[in-house]
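The model is shown below.

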Amino acid sequence: MRAIARNVLLGVLVAGLPLLLGAGLLWAHWQASYAELVPFWSDELYYWHQAQTWRVAAWSGGYYTVSEHLPRLAWSRFYVWGAFSPALYGALGGDSLQSVWRVNVSALVAGCMLAAAGLSWRRAVMLAVLLAVSPLPLSYMPSSMQELLHVGVALGAAAGFARLLRGERWTRGLLVAWLLAATLLRPTWGLLLLPALVLGETRPKQIAARLLAFALLFGAFSALFQASSAPYPHFRSQFFAQAATPLDALSALWNYVWHNVGLLFGSGTPTAFWQRAHIVGLVLVLTGVWAWERRRGTPVLTTAEWGLHLFNLLAVYLAVLTLHEVEDGRDYRVLAPHLFFSASLLVLRGRWRVLLPLLLAFALSLPDTLQEYVEFHAPRFKANNTATQLARWQPVIGAYLAYEAGASAWCNTVSASVYYIADFASEAGLLLAIPRGMGITWINPDDVPTRFQARYLLLADWDVAAWQARLNITPMVRVRDGTVYRNLDAACD
């Protein structure tokens, strides 16, 4: 019991430093507290609203999708991040505007407890310092984005790999289970199943069997994630639009990868450029320390550990360049948790020769990180913020729209002009006022449905004028720059 109490205390202390720092930054910039946090950005609005829908309707709510295209799995009605993060947020969160944030912080604290279990005080302090100076926790501490959740995932994975590298093979099953659950939240975590299964194994037949197990597990869980996700109009689709043969598709993929490589040097925010430099620097320092120690005959950084770090950073980056996007620095959010995983594993393993240069690099990036922090979070604290807007719109929208248990998904869906989804374009509280249980679909102007299926349409005036020939609607209630309509073509009473 004494050991358990010590581990819990260490975990709370490790998580406490970044949480206190985050509270201090909120007060210093906006005289605000965590209790005043509200979702604002479009992704946050979707996380919160999907969680609320799951709370009241589970798998029976309306559709969250783009241009009314459905996920491959009929039971999933959720957005492009899959069905499992809404289920997690809905099951563990509450009804308040801070519910998603609270789940994220709980994941962070849980990850800290797993990572701090059995640590010396010195390593626990270094882990707290890492959390305090790393760009990822600092930047996303006040938000309802998933990134803080993935910091907790990274800490748990680092704790598992640290024990596995020490030869504690009993942890392998727990680590694999952790990574499989994380894969349902973001498939890049599934790539770490390969080293989790293979590390410490030397027999060729066993290695081959575990490679097969990796292929089956990663393929099944990533396919489940993808099939439960609504289709999204990725930038890469432009490269494949004219691909008529498999050879054309391979050529398009090659061109897309090199296009993304070029964007690494010219597209993104300052924090995205810093992170790319951090990853390159970490790979070089890791390789330099590994080679130097082997040459001197005193290898502390083992080949297995060095290979794990390189696989974590480079394999995930290759997946991003091939299957995701680099435009506008979109590689940042995918890679940031993996960079933090490597950094926290360095702490748990006591690799100070590699860790200290990385901490210095994080410190050098702090001015740009803090500037983006202010720009990113300032809209949450404007006078007419999300909470104020929600209080104003809830009785208005609630007088016309209501979730109907037992009705079809399209009868519980609102399809909206992208104007109402895009950041800063309209009022976040208007979207959140759509009753829980009802799905929110947005219409891609380049892919407008020939016939709308949703029972309700939230359309900007200019979209009504442009799509007049496709619409059979009657107005219900006027909103900013548009109207909520009943779609007379929907197969509903």
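The structure is a predicted model. It holds four cavities of 30 Å³ or more, and the largest cavity has about 100 Å³ of space. Two helix contacts are described: α13 with α14, whose axes cross at roughly 160°, and α2 with α3, which pack at an angle of about 65°.

**Largest cavity**

- The lining of the largest cavity is made up of 14 residues.
- Pro135, Leu136, Gln275, Leu339 and Phe362 are the lining residues that lie nearest the centre of the largest cavity.
- Three helices, α6 (135-140), α13 (270-296) and α15 (331-349), each supply at least two residues of this lining.
- Sorted by class, the lining has eight nonpolar and six polar residues, and no charged residues.

**Packing of α13 and α14**

- Helix α14 spans residues 303-323, and its axis comes within 10 Å of the axis of α13, with a crossing angle of roughly 160°.
- Because angles over 145 degrees count as roughly antiparallel, α13 is roughly antiparallel to α14.
- The crossing of α13 and α14 is left-handed.
- On the α13 side, the contact involves Arg276, Ile279, Leu282, Val283, Leu286, Thr287, Trp290 and Arg294.
- The residues of the contact of α13 with α14 comprise ten nonpolar, three polar and two charged.

**Packing of α2 and α3**

- Helix α2 covers residues 42-57 and helix α3 covers residues 84-92; their axes are 7 Å apart and the packing angle is about 65°.
- Because angles of 65 to 115 degrees count as roughly perpendicular, α2 is roughly perpendicular to α3.
- The crossing in which α2 passes α3 is right-handed.
- Helix α2 contributes Gln50, Ala51, Trp54 and Arg55 to the contact, while Pro86, Ala87, Tyr89, Gly90 and Ala91 come from α3.
- By class, the contact of α2 with α3 has six nonpolar residues, two polar residues and one charged residue.

Definitions and conventions. Residues numbered from 1 in each chain as written. Predicted model: local features only at pLDDT ≥ 70, side-chain atom pairs only at ≥ 80, totals over all residues. Heavy atoms only, no water. 1 Å grid on protein atoms, 1.4 Å probe; cavity = no way out; pocket = protein on both sides within 12 Å on 5 of 7 lines; lining within 4 Å. Points joined across faces, edges and corners; volume = space filled by probe spheres on them. Helix = DSSP H or I, 4+ residues; strand = E, 2+ residues; numbered from the N terminus. Nonpolar A, V, L, I, M, F, W, Y, C, P; charged D, E, K, R; others polar. Axes fitted to C-alpha atoms, helices over the stretch in contact; angles between N-to-C directions. Parallel < 35°, antiparallel > 145°, perpendicular 65-115°, else oblique. Left-handed = near helix turned anticlockwise from the far one by under 90°. Contact = heavy atoms within 4.5 Å.
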